[in-house]
Amino acid sequence: MGESGESAECSASASASAKPSDEIWAKLVQSDSRYPDVEIRSDKGQIRSEISTASCDKHRWCKIVRNSDLCSATLKNKSSNTILVDGAEVGKGDTVVIKDRSEIIPGPAKEGFVSYKFQIVSSPEICQTLLKICVDVDHAKCSICLNIWHDVVTVAPCLHNFCNGCFSEWLRRSQEKRSTVLCPQCRAVVQFVGKNHFLRTIAEDMVKADSSLRRSHDEVALLDTYASVRSNLVIGSGKKSRKRERANTTMVNQSDGPDHHCSQCGNITVIQCQTRQSMQHNIFFPHQSSWFSVLIIYDIQFTVVGGFQCDPSTIHLQCQECGGMMPSRTGLGVPQYCLGCDRPFCGAYWSALGVTGSGSYPVCSPDTLRPISEHTISGIPLVAHEKNLHEQNITESCIRQMGRTLQDVISEWIAKLNNREIDTTRLMLNHAEMMTAGTLVCSDCYQKLVSFFLYWFRISTPKHLLPPEASTREDCWYGYACRTQHRSEEHARKRNHVCRPTRGSHS
């Protein structure tokens, strides 16, 4: 097997900061423990070892270069044959990044070739991330509760950050007392608020690193009950802006309400302009080159729909389908959010109130937000099987061979979901554990749900019902999480990827 002195030859040049050439930084460990390891001593090592189980001859078959992160390396195939790295084929002269415990076979197949496991030797410098984000804990605290952020939200335009529950309670109390909502930190008028997923991840990592920052379960539960920000909210202002109007007509139309308004918002219109000497509204008349004082009479027309009318401080939601606005109303019993993604959709809300769309107020179809059981599907979604077209074709062929339709299969699995017969751990939707056949979801979330059902359909289908070319394939080690299936058509066809990973971070 590999020899300590010649297994990894040193490169001709080395930087001044390089480690001594006799220091072992990585090994190739054979699956057969009776043989010694191939020790890699150089940052750029030419590997010379056995490649065949039938011969003890040694060959130079690859070059392994240590990467700057010290946690990975780049392997270049120097042999005349294709080699396998973590199940993926690497052609002659090609390179691939390998990590600790990557499996390397110096040949095109497992049978007849030696199997190596790449192993990085531990040291104080090895496997430490060189790039670190330093965040002062005081800069990651909510200025309302003075604790580390929990379910952080960001307000605009000042871009200050708060706990969702803290700001939601501030928002509720502000609306009760005044027409505008001010930032709790800088007192600027808040126009928008939304969840900040990036800062949420940072806050969670900080809590994991320092347990003293963790709140009690009761406090977290209380904050979650207060939290009302599920998607981006548009917060109106009751402050009216005064705009100069050119009085070259006696009838002027002007909307003085919020920039984002809906069918239930009030409309303010200037219906008459009369010249008066004593009024305070000064308007310039171009054709007379002089200023006049005018009396402006406003006609405030309020629109009441379904017994509700917006006021200037009403929070609005922007529909993710049509871009139209609707008031944020809790406890109404009419759905405004998709449970799978927490995004707002206006179709169901306006349909319940009998409102149709117009040029001024866009309204989307009620079908954009429907119960899971009422959605229909005619073809396999593009996102199914991690966008692996080969696996999609196999599933389609399997359904057809059974004499069934895609809708029949999905309906069967919706019933299983409703009866809690499915493990929803892998379902990449919010509130997956709460979903039933009557849960309202958007079309995007429904396609993700269909993809999830098709995965379980394939997992539970006996191999003899699969097409012949698919029933004899071996499972890919990385299963549905395999990245090679997207860039290598041959690998996607050769291995089954509708299976659980047995290696990697998803195993």
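A residue is buried when its relative accessible area is under 20%, exposed when over 50%, and partly exposed in between (1.4 Å probe, protein chains only). The model is predicted: local features need pLDDT of at least 70, side-chain atom pairs count only at pLDDT 80 or more, and totals for chains, interfaces and linings use all residues. Residues are numbered from 1 along each chain as its sequence is written, and side-chain values use heavy atoms, without hydrogens and water.

**Exercise 1.** Determine whether the span of helix 1 agrees with its 14 residues.

*Solution.* Helices (H or I, at least four residues) and strands (E, at least two) are DSSP runs, numbered from the N terminus. The expected span is 1.5 Å times one less than the number of residues. For helix 1 (residues 164–177) this gives 20 Å, and the end C-alpha atoms are 20 Å apart, so the two agree.

**Exercise 2.** Identify buried residues of helix 1 and the elements against which they pack.

*Solution.* Among the buried residues are Cys-166, Phe-167 and Leu-171. The buried residues of helix 1 pack against elements including strand 12 (152–156), strand 13 (161–163) and helix 3 (217–226), where contact means heavy atoms within 4.5 Å.

**Exercise 3.** State the strand order of the open sheet of 6 strands and its pairing.

*Solution.* Two strands pair if DSSP finds at least two bridges between them. The order is 13-12-14-15-19-20, with antiparallel pairing. Strand 13 and strand 20 (325–327) are the edge strands, each pairing on one side only. Between strand 15 and strand 19 there are 3 bridges; Leu-233 has Leu-317 of strand 19 as its bridge partner.
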